[in-house]
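Dear colleague,

Please find below the structure that I am handing over to you. My notes on what was found in it follow directly after.

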Amino acid sequence: MSHDVIMPALGMAQDSGLLVSWFKQSGDAVAIGDALFEVETDKATMEVEAQHAGFLTQVAAKSGDEVPVGQVIAVIAASQDAAVPIASVAEEQPPQFAAKEDALPEGQSIIMPALGMTQDTGLLVNWLKQPGDAVSADEVLFEVETDKSTMEVTAGVDGFVAALLAAAGEDVPVGHDVAIISSAKPETLMQRTRGDVPTPAAAPSLPATQSPVAPPPGDLKRTEKRQLQPKSSRILASPKTRRLAYERGLDLQKLVEAGHVQPYHVSDLAALQNISADTPVSIAAPALRRLTAKISAVPFGEIMSFVSEKSSGPTAGAVISGLAAGAWASGGSDLIVAYRHFSTTQLFSNPHGIGLGKALPDQANVEAQLLINDLRQSAISSIENCSDGLPTLTILSQGDQFSFTFECGAGQISADAALSFLTEFAGRMEQPLRHLL
Amino acid sequence: MSPTNPKNNSDEYLRMFRQMVRIRCFEDQANQLYLSAKMPGLTHMYSGEEAVAVGICEALKVTDKITSTHRGHGHCVAKGADFKQMFCELLGKEEGYCRGKGGSMHIADQSNGNLGANAIVGGSMGIATGSALSAKRLGRDDVTVCFFGDGATAQGLMYEVMNMAALWTLPVIYACENNGYSEYTRTDEIAAGSITARAEAFGIEAFKVDGQDVLAVNDLAQKLVARCRKGEGPFFIELETYRYHGHHVGDINREYYRAKDEEKQWHETRDPIKNFGKWLTDEGLSTQEDLEAIQAEIKADAATAVAYALEAKYPDATEVDMHVFVETA
Amino acid sequence: MREITLSTAVNEAIAEEMRRDETIFLIGEDVAEAGTPFKITSGLVEEFGTDRVIDTPIAEPGFMGIAVGAAMTGSRPIVDLMFGDFIFLIMDQLCNQAAKTHYMSGGKLNVPLVLRTNMGATRRSAAQHSQSLHAIVAHIPGLKVAMPSSALEAKGLLKTAIRDNNPVVIFEDKLMYQDKAEVPEGELLIPFGVANVKREGSDITLVGTSSMVQVAEKAAEILAAEGISAEVIDPRTIVPLDMDTINTSVRKTSRCIVIDEGHQSFGITSEIASRIMEQSFYHLDGPVIRMGAMDVPIPFSPALEDITVPTPEGVVAVARRLMAGEMINVS
């Protein structure tokens with residue numbers, strides 16, 4: 001019956017021992033208690049004795065080898081017929097590298113793991129193991145850079161790195177193979193980049209053994225720089241307040257806007273309830289500005305009669321939009337006016353706000369900034385809330401007067417500007433000739 | 001060795017021999033478990049001190065109690081423990097004496113009266129004394145033996161409890177296994193004066209005996225146990241003995257505190273098993289072949305038990321928070 | 001109903017149990033003729049004899065270890081530790097041996113032992129005789145911890161402790177031994193792990209242990225006059241701890257102060273406050289405030305000693321601020 005000779009446990013903190021020398025050779029007879037070999041430990045050199053009698057065979061470590069505790073380094077056989085020798089730890093040839101076109105080595109495929117909801121690829125930052133290295137399941141195998149941070153990915157299986165299939169710096173789609181870990185020490189290794197392989201290697205599916213590891217706390221400094229979203233200013237409120245506000249559909253921000261002092265407690269919810277009841281929930285119906293003006297229609301009427309006798313004279317729309325543009329404080333830029341008369345709308349361009357408006361072709365791809373509703377000849381006598389989003393100037397006739405109604409959203413034009421515009425427009429419509437020339 | 005009546009007690013003598021061999025085989029296996037990196041944690045070898053545990057425990061009944069130390073496998077085996085359950089406990093397996101929850105240093109075998117090994121040096125002295133108090137109060141004739149080492153004589157607890165044991169005449173025997181070393185330091189560097197005098201200072205009768213002579217130990221133990229049952233306790237014994245291994249299994253390079261020559265000397269001239277074996281054959285109570293057969297048989301038993309324990313299952317994860325409290329009905 | 005002192009309640013509990021079960025014995029310093037310096041066990045040695053009421057030398061580790069061994073071998077000892085401060089002397093026997101024996105033996109060995117000791121400052125006994133160390137003991141798995149807040153609990157919890165098969169540590173407040181409370185005649189067993197709502201309220205929960213229950217009750221009276229309704233809860237046992245009752249209360253009131261005579265930092269209040277935060281987070285309208293004794297060794301001078309422990313006025317001040325929604329930084 002044969003017995004293993006192992007590198008014994010040597011002391012509390014030691015995982016391996018340096019085999020200094022053998023006292024017996026392969027084939028020698030040994031008795032119990034004979035010194036077999038010498039080991040160097042942290043503290044001293046010690047002799048290891050034979051625990052059994054027999055003949056020393058299958059010597060698998062030589063002088064100078066660092067042998068892990070527990071590893072079998074020889075066998076004491078009952079008889080002298082030696083069995084098949086096993087490869088010596090240090091006599092192994094260094095493993096060969098396979099050609100890149102060769103078939104992949106046997107083993108467990110390691111993939112680029114899923115990294116986050118919107119990420120399809122990960123940038124492989126660097127490898128922490130090289131082909132041929134032993135690796136255990138919870139050791140870090142490689143690092144990946146994502147949107148937010150750099151993550152460490154563990155091997156997930158014990159074994160040896162048989163192949164690396166992507167190089168540091170390459171982008172790898174989620175689910176694609178990046179490495180192969182074999183259970184036994186591989187004889188041939190492979191190292192490739194993704195550029196070496198024209199087609200992707202594996203279908204993107206996660207094996208159960210592997211999951212990405214969250215960056216350890218020490219990495220926090222590195223990851224913080226990559227935060228994209230800025231911190232929002234927090235509202236201080238008790239957990240119960242937040243919960244009740246959420247349950248009741250109330251927005252604590254309103255308390256902030258209303259000037260309530262933080263932190264908020266449940267007793268503040270009554271006030272919040274009141275604020276929310278006052279303001280209607282709908283987003284539409286912004287505040288409207290509405291200005292009206294009345295002027296004599298006579299001067300404009302005289303000019304238009306004079307102009308209409310000429311065949312190439314300007315249209316009313318051109319005149320009115322030109323006057324409107326002149327009244328609009330557009331800072332010298334073009335004011336596009338939509339002039340609506342009866343049921344047709346004509347766009348006019350009014351560069352620099354000087355002179356007459358220039359009619360634009362129908363297909364012109366411009367947005368009007370001002371709508372002029374010319375209702376002089378209509379039966380409409382007054383309007384209110386009749387703008388559909390654009391600042392709207394409506395011209396109505398009332399006897400020998402014009403009634404102008406200008407409406408716009410509070411957010412579109414300031415109160416001052418609105419006043420100024422209508423005043424100016426009214427003034428120009430009273431003395432059109434002067435302003436057109 | 002001078003037993004009173006050799007021929008009548010041959011069964012008992014062979015039993016003593018077997019028990020010492022059992023201890024030695026157990027420790028050899030345990031040591032191998034450690035060296036082959038199969039044992040979690042550390043353990044402390046009793047090899048060399050077999051006669052102390054066996055000599056004393058052979059004088060005790062099953063219902064008598066012992067408390068043990070971190071070097072407790074010897075006491076455990078000597079008090080009747082089973083190999084399989086002991087190995088299972090050392091490996092943290094479910095079938096261990098403590099369901100794997102105590103390990104080597106807290107191994108307890110309650111059904112055989114072993115109140116447990118203790119990882120605190122001197123930590124079980126109070127427990128042993130309390131056990132004796134229970135026996136006396138509840139009208140039982142149990143005797144409690146408190147095993148401890150020479151190192152424990154440095155602990156204050158020892159003096160507190162010896163004082164009370166003496167005041168209340170408790171049936172407890174304090175057995176000091178003086179193996180010459182307190183961890184990595186020689187006893188004469190850690191214990192001033194005389195060890196037995198310490199007990200005598202409390203008026204406790206104290207005895208010295210050669211701890212490697214199982215018959216001498218047993219003889220003395222029998223006398224003192226009988227006297228304890230009559231209410232004459234407590235007593236103190238100092239047993240001179242030797243541990244072959246280091247303080248714990250990882251203490252392999254120990255020449256810096258203990259000479260190899262000294263170890264060799266004890267192995268060759270003071271080995272309790274060899275010497276008792278020689279006595280048995282000299283007295284015609286057994287033969288060399290029979291003794292060797294016994295040793296081989298026990299060695300095989302131990303090997304089988306270890307193999308069993310290595311394959312045995314670990315406790316289920318759900319046991320981790322069991323036995324924190326006794327469930328009150 | 002009759003009223004008896006806490007001291008008498010303890011005496012009754014021990015006597016009744018010792019009559020019922022002869023494996024029970026009492027051990028400690030001066031427990032026999034002297035009846036302890038607090039005169040709690042007077043009369044017991046006369047009834048049960050020196051076999052069962054055992055005076056020891058001044059050797060705390062020694063008699064604690066003996067008690068552990070006795071408990072492991074069929075006896076049920078009640079250990080009297082004269083001052084809670086001496087717990088530090090017996091930590092190995094209490095925490096390494098008694099607490100762990102059942103577990104380390106895989107459930108085979110029991111330690112049915114009761115350690116009776118005391119706590120509480122303001123007795124002018126200075127730093128080494130005034131400590132409240134229940135948090136240190138509560139931290140060790142395997143030990144149960146009871147804290148009677150009056151004569152009623154002192155009797156009921158002690159009897160339950162004696163019948164429990166686990167090591168139990170009971171802390172009596174040494175300043176309460178002469179305080180009276182209503183204690184019914186006859187059998188009285190208060191279960192472990194059941195808190196007592198001593199006063200109902202709706203605005204704020206006050207959790208107090210031992211004599212801090214009285215502090216909380218006085219604070220509740222003062223607050224009631226200001227229109228604040230405080231609920232007072234006495235957990236009675238720290239291990240096991242009844243969080244259900246505490247959580248129910250906090251979810252009702254949404255505010256809580258935990259008051260205990262252990263030190264402010266790393267103690268009972270921190271544990272209870274943490275658990276409330278974890279378990280009732282979304283019901284809190286303010287932080288859970290801890291009020292313990294100051295983090296100083298208890299001073300001798302009365303002028304200094306009295307300000308180191310929580311008082312009803314102190315509790316009231318904190319409660320007012322909580323009700324007003326102020327940010328409180330107790331640290």
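A charge is taken to sit over a ring if NZ of Lys or CZ of Arg is within 6 Å of the ring centre and within 35 degrees of the ring normal. By that rule, the charged end of C:K144 sits over the ring of B:F325, at 5.3 Å from its centre. Within chain B, B:R270 lies over the face of B:W266, and the distance to the ring centre is 4.3 Å. Please bear in mind throughout that this is a predicted model.

Chains C and B

The contact between these two chains involves 46 residues of chain C and 37 residues of chain B. As a general point, the size of an interface is often expressed as the accessible area lost when the parts come together. For chain C and chain B, the area buried between them is about 3300 Å², with 65% of it on carbon and sulfur atoms. Of the area that chain C buries against chain B, 21% is supplied by C:I66, C:T73 and C:Y103, which is more than any other three residues provide. What does the rule find in the way of salt bridges across the interface of chain C and chain B? It finds 0 salt bridges there. Polar contacts are present, however: 17 residue pairs, both at pLDDT 80 or more, are found in polar contact across the interface of chain C and chain B.

Chains C and A

Here 10 residues of chain C are in contact with 9 residues of chain A. Chain C and chain A bury about 770 Å² between them, and 58% of that area is on carbon and sulfur atoms. On the side of chain C that touches chain A, the residues divide by class into 4 nonpolar, 4 polar and 2 charged. The count of salt bridges between chain C and chain A is 0, while 7 residue pairs (both at pLDDT 80 or more) are in polar contact across their interface.

Aromatic pairs

Over all chains, a search of the whole structure finds 26 aromatic pairs. In chain C, the rings of C:F83 and C:F86 have centres 5.8 Å apart and planes at 65°, so this pair is classed as edge-to-face; planes over 60 degrees apart count as such. Both C:F83 and C:F86 are buried. In chain A, ring pairs join A:F300, A:W328, A:F402, A:F404, A:F406, A:F421 and A:F425 into a cluster.

Yours sincerely

Definitions and conventions. Residues numbered from 1 in each chain as written. Chains lettered and ligands numbered in written order. Predicted model: local features only at pLDDT ≥ 70, side-chain atom pairs only at ≥ 80, totals over all residues. Heavy atoms only, no water. Phe/Tyr/Trp six-rings, centres within 6.5 Å; stacked < 30°, edge-to-face > 60°. Buried < 20%, exposed > 50% of the residue type's maximum accessible area, 1.4 Å probe, protein only. Contact = heavy atoms within 4.5 Å. Buried area = accessible area lost by both parts, 1.4 Å probe. Salt bridge = Lys/Arg side-chain N within 4 Å of Asp/Glu carboxyl O. Polar contact = N/O pair within 3.5 Å; in protein donor to acceptor, adjacent residues only side chain to side chain. Nonpolar A, V, L, I, M, F, W, Y, C, P; charged D, E, K, R; others polar.
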